[in-house]
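Please read it alongside the sequence and the structure shown below.

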Amino acid sequence: MTAKRIGIMTTGGDCSGLNTVIQRIMDGCVMRKWHLIGIKDGTDGLYASPAQTIDMNHEAFQFANSHLAGSILSNGHAHTTNFVSAAQKGKLSQFNNKLKKSLQDLNLDALVLVGGNGSLSLAHTYREIYSNLSLICIPKTIDMDIPKTDKTIGFDTAVQQLVSYCDQLLLTARSHHRWFVVQTMGRDCGQLALHAGVAVAADAILIPEVKFDVDNLVKHIKSSKRDYGIILVSEGISLRGHSGKPADMIARKLTIADISNRTAFPEHIQRAGDTLASDRILAAGFANCALHAIENNETYVMTTFENGEYKTISLDDFFTTGKPQRDPNIPGMMTSNAYVEPDNILLQIATDMGIYIGEKKK
Ligand code: F6P
């Protein structure tokens, strides 16, 4: 078999576990005597002339650093030409053509794209960019909102980051007899808040998928056997007639009800933290699956972990099972999201354990 040239890039928001997956792909390439080229800064690196790349070898990337959060390849700048800004200027096809040309110039046999649901949706919509190579996507996100996979790289570590954060807050909460309203990330998916909330035994977990009633939340907190604790609020929730940050909205209501409280915003700490073993195992499983997919000449596929099995599925499947919706930023583009479903076992466990999770499922 002739030596292959493989590209790898990380796109979208970062999360812990990206370096592990890059390192595992690198090891697999070295074993196969394939050449691995790291594309810097996601699509920024491909849009640059010439494309910005790093030759991935054991000198370039220290194995001992592969558990660190962030991405050695970086994920891109904030104010550069990207799919959204190109679409806004009516220059999307030029942008796409440039990415395609860069990939051709790099002479790649395959590209491993490590991305979230935005990146995977873009890859599906603008598949023409990748028509000259094998495109293998690996799902990563702290939001866990990607359809057709039971796990995404970075999620478990993000949950642990939140748990550690809440554990610390609880100590000061107890000293001051007060409640902390902690706002989690997750966009419009409640998985992160739900998992962290069950793990820390929060007193309440508010997520976008489940309607809640503030009066009942207040009653619940007032009837607690403690006068301190944690209320986890997912960033995607809304409260009719209120604006501002969700944690602030809830905190105001608690204050009116005479419940002493403070808000806390762990923000990007959720995307940090040394990669947990479970995320490293997932990264190894996905990397292995991606390398086999390249050997089998698969393309337009995504690695998944479903019912204990690692496999690839077509990117089309990503759209047949998720909840497809129009992307507000790019005309004609569809994205596909997964959410906390009404039968999610954690909703039942939380309820059974006396955690307030809302009223009825939307
Ligand atoms: O999608 C990952 C995520 O961390 C979301 O949970 C969050 O809403 C968003 O990215 C934050 O993005 P930024 O770093 O651009 O503020």
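The shell of residues around the ligand divides into two nonpolar, two polar and four charged residues. The model is a predicted one, and the values given here were computed from its atoms.

**Ligand shell and pocket**
- The shell consists of Ile 142, Asp 143, Met 185, Gly 186, Arg 187, Glu 235, His 268 and Arg 271.
- The ligand takes up the space of the largest pocket.

- In the side chain of Glu 235, an N or O atom lies 2.5 Å from an oxygen atom of the ligand.
- For Asp 143, the distance between a polar side-chain atom and an oxygen atom of the ligand is 2.6 Å.
- Arg 271 also takes part, with an N or O atom of its side chain placed 2.9 Å from an oxygen atom of the ligand.
- The ligand taken alone exposes 400 Å², and the protein buries 67% of that area.

**Aromatic pairs**
- How many aromatic pairs does a search of the whole structure find? The search finds five.
- One of the pairs joins Phe 83 and Phe 95, and because the planes of their rings stand at 80°, with the centres 5.0 Å apart, the pair is edge-to-face.
- This pair links distant parts of the chain, since Phe 83 belongs to helix α3 (residues 83-88) and Phe 95 to helix α4 (residues 92-106), the two being twelve residues apart.

Definitions and conventions:
Residues numbered from 1 in each chain as written. Predicted model: local features only at pLDDT ≥ 70, side-chain atom pairs only at ≥ 80, totals over all residues. Heavy atoms only, no water. Near = heavy atom within 4 Å. Polar contact = N/O pair within 3.5 Å; in protein donor to acceptor, adjacent residues only side chain to side chain. Areas by Shrake-Rupley, 256 points an atom, 1.4 Å probe, with all protein chains shown as cover. 1 Å grid on protein atoms, 1.4 Å probe; cavity = no way out; pocket = protein on both sides within 12 Å on 5 of 7 lines; lining within 4 Å. Sits in = over half its atoms within 2 Å of the grid points. Nonpolar A, V, L, I, M, F, W, Y, C, P; charged D, E, K, R; others polar. Phe/Tyr/Trp six-rings, centres within 6.5 Å; stacked < 30°, edge-to-face > 60°. Helix = DSSP H or I, 4+ residues; strand = E, 2+ residues; numbered from the N terminus.
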